[in-house]
Amino acid sequence: MFSYSRTVSAILLLAMAAPSTALAQQLSKPSDNGKVNVSPDHLTLQVGEKAQLETQILNKDGVEVEGRLLYISRARRSVRVSREGEVSALKPGNFEIVVRAVLPGGRGPEAKVIVTIPHPKPVGIQLTGAPKRLYTGTSVRVTGAVVDKNNAPRKDLRVALSSSNKETMAVNAHGYLTAGQPGTVTLQAKGGGLEHNHTIEVIDNPVRSLKLAPSQEIARTGDVVHFKAQLRSADGGDIKGVPVHYTMHAAPDDTLGNGATGQIEQDGRFVAETPGLYTIVATCGTASDRFTIRCNQRLTTKRKLKKIGHGPVLDVHTSDLWVWEGQDGRDYCVTGTWGANGDAIFWDVTDPSRMERIATVTCDARTVNDVKVSEDGRLCIISREGASNRKNGIVVYDVANPRKPKRLTQYDDELTGGVHNLFIDKGYAYALSAGRRYDVLDIRNPLAPTRVGSYQIFDPGASIHDVWIEDGIAYSSNWRYGVHMVDIGNGIRGGSPSNPVKISSYAYPSGWNHAAFPWRNKETGKFYVVAGDEAFPHGLHTKNHPTYPRGWIHFIDFTDLKNPQEVARYQVPEAGTHNLWIEGNLLYVAYYNGGLRVVDISGELMGDLYRQGREIAWYIPTHPKGVVPNAAMAWGPQPHKGKIFFSDWNSGLWCVELVEDKGRRR
Amino acid sequence: MLATLVVASGLSAQTFPANVGTYRVYVACESADEVALVAFDGKEAKVERVIEVGYQPTEIEGPHGLTVGPEGKYWYLSIAHGKPFGILYKYRTSDDKLVGECELGMFPATMQISPATGLLYCVNFNLHGRMLPSTVSIVDPDAMVEVARTVTGAMPHGSRLSKDGLHHYSCAMMSGELYEIDAVTFKVTRNMQLDVNLPKGHQSEAKPTWISPHPDGKRIFAALNGKATIVEVDAKNWSVTRRLQTGKGPYNLDISPDGSTLVATYKTEGAIGIWDLAKGKERARIKSTRRVTHGVVISPDGRYAFVSSEGKNADPGALDVVDLRTNKLVASAAVGLQAGGVAFFEHKK
């Protein structure tokens with residue numbers, strides 16, 4: 001190994017600046033069996049240091065010859081090498097630099113240099129969650145991290161915690177501190193050759209009794225029950241601020257090997273997944289109490305989705321849909337097509353049991369992924385991908401008479417990368433551009449759309465998938481950058497279509513954020529953004545075979561816009577989500593291979609709604625002559641006048657109705 | 001010898017005539033997210049295999065550029081749309097298995113591997129949105145890592161290397177420029193405006209879409225898509241020496257290994273132009289089998305030109321085969337939607 005100091009580096013740089021001796025000989029082709037000698041072949045550099053490589057090209061006889069040299073780093077964001085062979089250390093790790101001779105006759109011999117850049121030395125230990133005071137009989141969890149001089153955590157180094165006096169405070173292997181007897185104790189943290197001591201005062205717990213009370217004694221699965229622990233001192237006075245530990249014991253009605261059936265949070269919120277008795281135990285020091293509540297089956301009336309009608313599209317894949325009441329009072333629907341002829345199909349769905357295909361428009365595209373209609377039922381905008389001139393963009397139609405859609409104009413300026421999704425709101429169209437932003441187009445004069453604004457996340461690698469507008473707020477879905485709420489006219493941040501202003505955002509680790517729908521729960525006052533995933537870990541089959549996507553619905557509580565919290569999910573096993581819609585307290589999810597799902601989202605939400613029995617009904621759309629036969633791929637739902645319309649990728653347009661399930665299967 | 005092998009393998013001599021052997025090319029189908037391997041036996045072109053590509057199944061990711069490595073062991077494919085950046089994929093030619101990938105810039109498009117540096121040079125076409133200067137990604141295909149990016153003009157396209165592999169050429173479609181990059185230092189060494197009129201607001205009227213260095217190393221040919229012109233540039237003096245009037249929308253070019261013939265696709269016209277470079281004359285103009293003609297590659301023996309044709313809407317794409325001895329279209333194979341990038345793989349006699 002070879003280690004360079006900054007001084008050594010400087011000396012070498014000066015040496016290399018001197019002109020080299022001209023050499024007469026030259027390798028002409030790789031078969032000359034030359035060799036590249038590079039010195040040093042191993043380097044150890046600290047972050048920020050530089051070193052110069054010295055290189056020779058030798059012919060098969062070991063004689064130095066002339067030739068051009070190519071220096072390449074295989075991790076240029078961590079270690080850089082100049083065209084002259086100067087190496088710069090940027091980030092810790094082990095890396096490889098290739099030094100290759102470039103010959104007139106082809107690729108020449110090469111040598112490799114291994115560069116080791118050690119992590120910066122640890123300079124401190126940071127503790128998270130360490131209290132200054134701890135009441136006897138209570139516990140708290142503490143975590144520790146070794147940090148370097150840049151205050152960056154050293155993930156390769158672990159921190160071990162211990163107590164200076166186990167009688168006063170015990171520490172377990174998972175970082176839980178439990179206070180024993182009053183006194184002063186030192187929490188000792190060791191890691192990376194460093195030690196950090198944190199003093200904790202353990203004081204006598206004044207709590208002598210604890211009374212536990214739920215917000216309701218009889219609940220349903222999925223109801224969030226709030227337990228409150230009233231703490232009292234020896235003289236009967238109320239005490240606040242002493243932590244309470246909650247645990248749970250479940251006695252489900254179904255005793256046949258049932259799994260975990262409920263969830264208790266340390267703020268006292270509880271939710272049951274299956275019917276039964278649930279005993280919540282709260283402890284604080286030596287005081288404790290327990291309370292048993294009854295949780296019943298949430299849905300007492302069985303309901304199902306009954307097929308009303310099917311508008312088959314069996315020759316090409318169907319994409320999104322939009323249902324609206326036309327200017328003539330009849331009901332219409334438009335559906336897009338995917339990987340085909342650039343068609344959008346118009347339907348009369350006034351009688352959904354006999355949906356009538358009334359018109360087809362064709363634009364220069366392969367996929368019309370999204371379709372939207374203005375609030376007054378006059379304008380329809382469709383997205384284009386795969387245009388022959390690669391300009392894509394959107395096309396605007398007058399659909400005052402949906403039987404004869406009239407093409408008004410197209411708009412593709414700066415939308416050339418393909419418009420995947422769009423929205424229409426109060427005379428403005430919101431069109432995704434290049435997977436990076438949405439542009440706001442003024443279409444109040446639909447013959448001459450103009451771009452008035454755009455919204456883009458400028459973080460590295462940010463990408464967008466969808467945008468939805470409600471009450472002057474745009475909700476965009478941005479894969480790993482999650483949901484962004486943007487004021488485009490609501491007024492909360494002074495935004496407008498021409499001046500979109502970010503309100504808040506939330507991202508989750510999977511990076512699967514594909515759709516978002518806002519929902520304000522009138523019962524609880526909670527404001528959620530319901531975010532859907534899209535993921536194909538097992539691929540997608542466009543023909544012959546069914547597809548098995550994955551993903552779920554995320555419920556993000558945005559009630560506090562500055563502190564959004566992901567509080568619940570709806571996850572159907574072995575299936576994957578696509579688009580969603582919320583009306584009243586019902587969530588409609590096109591769950592791809594899981595078909596259409598209807599979910600009760602009333603009340604406060606916590607945990608997995610699927611396991612809590614909140615799912616009301618499902619419908620699996622299949623057709624033996626579908627593009628993929630007998631394979632559901634529900635794409636997007638939309639409730640309309642008491643019915644639920646949805647598109648299916650393999651079989652077209654469907655209409656179903658939520659009805660009581662009387663148990664008849666035929 | 002070949003006849004014996006054909007009989008022994010049970011294949012009819014009609015399918016694989018002994019006189020020309022079998023040519024194989026890869027064709028990227030941009031709106032189908034697939035690549036077709038097409039075999040041509042002198043009479044008939046057939047799709048032997050279709051390889052599904054990409055990772056976002058419900059979106060058109062747009063496989064665009066194709067090249068086969070110098071040793072023929074791997075083929076490389078650029079995919080235009082990612083989240084948001086495009087990706088370079090590496091496949092094994094023996095079984096078309098994916099063996100590596102590397103994220104590049106916005107809409108990576110055409111590319112080639114230098115025989116001198118061993119590196120792959122791919123233009124980031126950045127078709128999307130605003131017409132800003134874009135880049136050429138330089139990739140180490142052994143490790144599939146991007147080792148550098150060189151800034152060039154707006155919408156760079158037509159990434160091609162000089163025969164010795166020491167100079168990279170591309171054109172910037174929207175700023176109307178020809179760029180030369182030193183393949184070893186990765187620095188732009190020269191650039192020139194290819195149009196007689198300067199572009200206004202990054203909207204070149206000439207719209208150069210392709211560059212083809214001549215095998216003699218002295219000339220570079222550029223297709224001016226917006227001006228129905230092919231220009232010849234003197235590589236030494238760095239000046240335009242000839243302007244050849246073509247059919248509508250010249251798009252891609254290739255030059256025969258002996259340097260005598262240039263084949264141009266006329267995208268707008270849906271045709272193929274065959275040029276005698278010595279005379280500066282169009283020898284023949286042939287209609288493509290589809291409406292939008294795209295890419296072209298000439299076999300190493302100079303006998304055939306393989307031309308991709310996009311079609312429109314639900315029309316399948318096509319790979320047309322032109323016999324450069326007779327200047328006739330001799331075969332065509334239907335492939336997936338919007339056939340674009342085309343790369344020569346092998347000629348087995």
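A residue is called buried here when its relative accessible area is under 20%. Asn313(B), with a relative accessible area of 9%, is therefore buried in this predicted model. The residue lies in the loop between β25 (304-309) and β26 (317-323) of chain B, and its phi is near 50 degrees, a positive value in a residue other than glycine. Most residues other than glycine have a negative phi, and most peptide bonds are trans.

In chain A, the bond from Ser39(A) to Pro40(A) is cis, with omega near -5 degrees, and Pro40(A) belongs to the loop between β1 and β2 (42-44). In chain B, Lys83(B) and Pro84(B) are joined by a cis peptide bond with omega of about 0 degrees; here the proline is placed in the loop between β5 (74-79) and β6 (87-92).

Strand β1 (residues 35-39) of chain A has Val36(A) and Val38(A) on its covered face, while Lys35(A), Asn37(A) and Ser39(A) make up the uncovered one. Its partner is strand β4 (residues 54-58) of chain A, which runs antiparallel to β1(A) and is joined to it by 5 bridges. Within this pairing, Asn37(A) stands opposite Gln56(A).

Ser647(A), in strand β56 (residues 643-648) of chain A, has 0% relative accessibility and so counts as buried. The side chain of Ser647(A) reaches the backbone oxygen of Ser319(A) at 2.8 Å. Beyond its neighbours within four places in sequence, Ser647(A) is in contact with residues including Thr318(A), Asp320(A), Leu321(A), Met633(A), Trp635(A) and Gly652(A). In chain B, Gly341(B) is part of strand β28 (residues 339-348) and is likewise buried, at 11% relative accessibility. With residues up to four places away in sequence set aside, Gly341(B) touches Tyr26(B), Val27(B), Ala28(B), His64(B), Leu66(B) and His294(B). The C-alpha atoms of Gly341(B) and Ala109(B) are 8.6 Å apart, although 232 residues separate the two in sequence.

Turning to charged pairs, side chains of opposite charge can pair when their charged atoms come close. Over all chains, the count comes to 56 salt bridges. One of them joins Arg74(A) to Glu96(A), with the closest N and O atoms 2.8 Å apart. This pair links distant parts of the chain, 22 residues apart: Arg74(A) lies in the loop between β6 (68-73) and β7 (79-81) of chain A, and Glu96(A) in strand β9 (residues 93-103). Arg74(A) is buried, with a relative accessible area of 17%, whereas Glu96(A) is partly exposed at 25%.

Chain B has salt bridges of its own. Glu71(B) and Lys73(B) meet at 4.0 Å, N to O, and Glu71(B) is exposed, with a relative accessible area of 66%. Glu232(B) and Arg219(B) also form a salt bridge, with 3.1 Å between their closest N and O atoms. Because Glu232(B) is in strand β18 (residues 229-234) and Arg219(B) in strand β17 (residues 219-224), this bridge ties together parts that are 13 residues apart in sequence. Glu232(B) counts as buried, at 6% relative accessibility.

Salt bridges also cross between the chains. At the interface, 50 residues of chain B are in contact with 54 residues of chain A, and the buried area is about 4,100 Å², of which carbon and sulfur atoms give 51%. There are 8 salt bridges across this interface, one of them between Arg100(A) and Asp142(B), whose closest N and O atoms are 3.7 Å apart. Both residues belong to a network of salt bridges that also links Arg74(A), Glu96(A), Arg107(A), Glu110(A) and Asp140(B). Polar contacts between the chains come to 21 residue pairs. On the chain B side, strand β11 (residues 145-154) gives the largest share, 5 residues. By class, that side has 20 nonpolar, 15 polar and 15 charged residues.

Note on methods
Residues numbered from 1 in each chain as written. Chains lettered and ligands numbered in written order. Predicted model: local features only at pLDDT ≥ 70, side-chain atom pairs only at ≥ 80, totals over all residues. Heavy atoms only, no water. Contact = heavy atoms within 4.5 Å. Buried area = accessible area lost by both parts, 1.4 Å probe. Salt bridge = Lys/Arg side-chain N within 4 Å of Asp/Glu carboxyl O. Polar contact = N/O pair within 3.5 Å; in protein donor to acceptor, adjacent residues only side chain to side chain. Helix = DSSP H or I, 4+ residues; strand = E, 2+ residues; numbered from the N terminus. Nonpolar A, V, L, I, M, F, W, Y, C, P; charged D, E, K, R; others polar. Buried < 20%, exposed > 50% of the residue type's maximum accessible area, 1.4 Å probe, protein only. Pairing = 2+ DSSP bridges.
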